[in-house]
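Take a look at the structure below. Two contact surfaces will be followed in turn.

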Amino acid sequence: MGLDLRLPIGLIFVVYGILLAAFGLLSDASLYRRSLGVNINLIWGCVLLVIGLFFLYSARREKAR
Amino acid sequence: MSLMFRIELSLVDWLILLVYLAFVTTIGYLLKRHMKTSEDFFLSARSIPAWITGLAFLSANLGAQEVMGMAASGAKYGLATSHFYWVGAVPAMVFVGVFMMPFYYGSRARSVPEYLKLRFDEKTRGFNAVSFAAMTVFSSGISLYAMGILLTALLGWNFHASILLSAFFVLAYIFLGGLTSAIYNEVLQFFLIVAGFFPLVFLGLKDVGGWSALAERLGNVAVSQGYAPGAFTSSWRYLDDPAHNPMGVEWFAMLMGLGFVLSFGYWCTDFLVVQRAMAARSMSAARRTPLIAAIPKMLFPALVILPGMIAMALTASGSNFQLPRKEDGSYHYDMVIPMLLAHYFPAGMLGLGLTALLASFMSGMAGNVTAFNTVWTYDIYQAYIRRQASDSHLLWMGRMATVFGMGAALLAAYLTTRFNNIMDFLQLVFAFVNAPLFATFLLGMFWKRATGHGAFAGLLAGTLAAAAHHGWSLPKGSSPGIKGGWLGLWTSYPSEMAQNFGTAIWAFGACFAVTVGLSLLTAPKPDAELRGLVYSLTEKPEEEDQSWYLRPAPLGLAILAAAVLLNALFW
């Protein structure tokens, strides 16, 4: 129906991934005391980025076909 | 509700929330130009691929009350809560996909009440349509209220602004893009819910020291409450006697009450979920919709029940995470998820976690609103008010119904703030009306002799039997009133859950018996009118050319085998 849903899903995951990973890189380590010393923003941001890129890639491949 | 502290949001959290709101509205806006006929608006022109309808099928049921409620049950009852998934939802989802979808989708009915009209008669449809429409409005009202209370307590937001704004966004994207927009957003919301809660489980499990440390700490909790050490970490082992498990339920009530009547009644007859499958682009996609939903559903206990168990273990072993208590000293079980979010998530992830919570509120609400506007327009307005309405008029009415349905939900939310008891009472009434439904559909689809008079009388009898059973029974430790016993005391149950299962079993039995009895006394519809509506008069869908994992029956069997395996693994 007109809009390939993988595009918005991919896009929002890429935006969130970049936002979280960048914030994770720039923020102070003391912020992560509550998350047991794990820089959860950086790690999860990278995971979301990869998932988002995968959705965008698969939407693109479908379109090319 | 007062909590010990309040979450402060930073700029990055706000950004994440705003990006989410921008996306859901944009999706609605982009779909607007495809909404040309009423079938586009209410049925997505039956054009959506199975993976999307499947995830929407799951997500429409994944309202925040469901998520927070399952975490609460995880804390209260432990792993036995997984029965709602592995015994409740999954077999029912396989059944609706393999056996019932051929009639829902194949009959070209546009809604579940309309199927009842085709199969039985006008009065059966009217009864179902009116009670269902009223129920959807009240449930979205109650979930709006719950969200307003939560956001006020957690973030210090204004109650009115919280509920008006979120109602506005849901209204906007459905008004623009109809069911397609709701479905697309439900899938987006599904991924966000997983993305927001998964790290929470990871951090919680790391903090508690892994599964075996969790089991050990919960063992202490179980012993301190007078159960065997494994009572919180076993699904079946302690169901031999209601006194041996914190749920207060034994295996027969679990299998019959929850497994058979309640969950089949919900997943197989509730238009809120069935509507998603009806929007699929082919019969095969419609049948696969609930099956695709069942796969992630099976794994959801890890995401929604496990946090409750973790919260309980941490609280009881004196860690620095503590569940808040109510004034009477009992725990605020419903606060498990929000409290864990606040405890573990730093700025950044906190925004994503709140977005996940907001997404689950919205997906549940949107499910109710789209089901309401369809039933209102097709089964009430077109059926009784304006029979000759043109299609463009129906499309307009659908948009209007979205607006006044949301308005009525807001009204219900405000009524809840004033009269909490009325809402409890209404929920109880709806539970009585819903309890017998599965018997009606089962007989309707698989016994061609069942008649409209039989079905209607059966539904009434089942509803009355549910009310009567509730009126004559009480859970242990409650006083007569909203909890039951208002007709006198005939039997008592070890817990409220056991009483609910009992009510469901009685309602189903009464509806089944009365429908069969009266059907035999009244004239059936001729076979020609039942073609495509009843099992014995419908040709089996062709599917031999597809690979096995695309065919409903083998896929369903594989899913059931996986569910059995999970039950065995956590025996």
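A polar contact here is a pair of N or O atoms within 3.5 Å; within protein, one atom must be able to donate a hydrogen and the other to accept it, and residues adjacent in sequence count only if both atoms are side-chain atoms. By that rule, eight residue pairs are in polar contact across the interface of chain B and chain A, both residues of each pair at pLDDT 80 or more. The pLDDT condition applies since this is a predicted model. Salt bridges between chain B and chain A number zero.

Which helices of chain B each supply at least two residues of the side that touches chain A? They are α1 (11-31), α3 (50-60), α8 (159-208), α15 (336-344) and α16 (349-385). Of these, α8(B) gives the most, with 13 residues. By residue class, the side of chain B that touches chain A divides into 30 nonpolar, seven polar and two charged.

Now the extent of this contact. Chain B brings 39 residues to it, and chain A brings 26 residues. About 2900 Å² is buried between the two chains. Carbon and sulfur atoms give 84% of that area. On the chain B side, Phe23(B), Tyr184(B) and Pro346(B) lose the most area to chain A. Together they account for 18% of what that side buries.

Next, the inside of chain B. The chain is divided into domain 1 (11-418 + 540-569) and domain 2 (429-539). The C-alpha centres of the two domains lie 24 Å apart.

How many residues of each domain of chain B are in contact with the other? Domain 1 has 42 residues in contact with 40 residues of domain 2. The two domains of chain B bury about 3600 Å² between them, 78% of it on carbon and sulfur atoms. In domain 1, Phe103(B), Arg119(B) and Phe120(B) lose the most area to domain 2.

On the domain 1 side, α5 (83-106), α6 (112-119), α7 (122-155) and α10 (251-269) of chain B each supply at least two residues. The largest share, twelve residues, comes from α10(B). The residues of that side divide into 29 nonpolar, eight polar and five charged.

Key:
Residues are numbered from 1 along each chain as its sequence is written. Chains are lettered from A and ligands numbered from 1 in the order in which they are written. This is a predicted model: local features need pLDDT of at least 70, side-chain atom pairs count only at pLDDT 80 or more; totals for chains, interfaces and linings use all residues. Side-chain values use heavy atoms; hydrogens and water are left out. Contact means heavy atoms within 4.5 Å. Buried area is the accessible area (1.4 Å probe) that two parts lose on being put together, summed over both. A salt bridge is a side-chain nitrogen of Lys or Arg within 4 Å of a carboxyl oxygen of Asp or Glu. Helices (H or I, at least four residues) and strands (E, at least two) are DSSP runs, numbered from the N terminus. Ala, Val, Leu, Ile, Met, Phe, Trp, Tyr, Cys and Pro count as nonpolar, Asp, Glu, Lys and Arg as charged, and the others, Gly among them, as polar. Domain bounds come from an automatic or database domain assignment.
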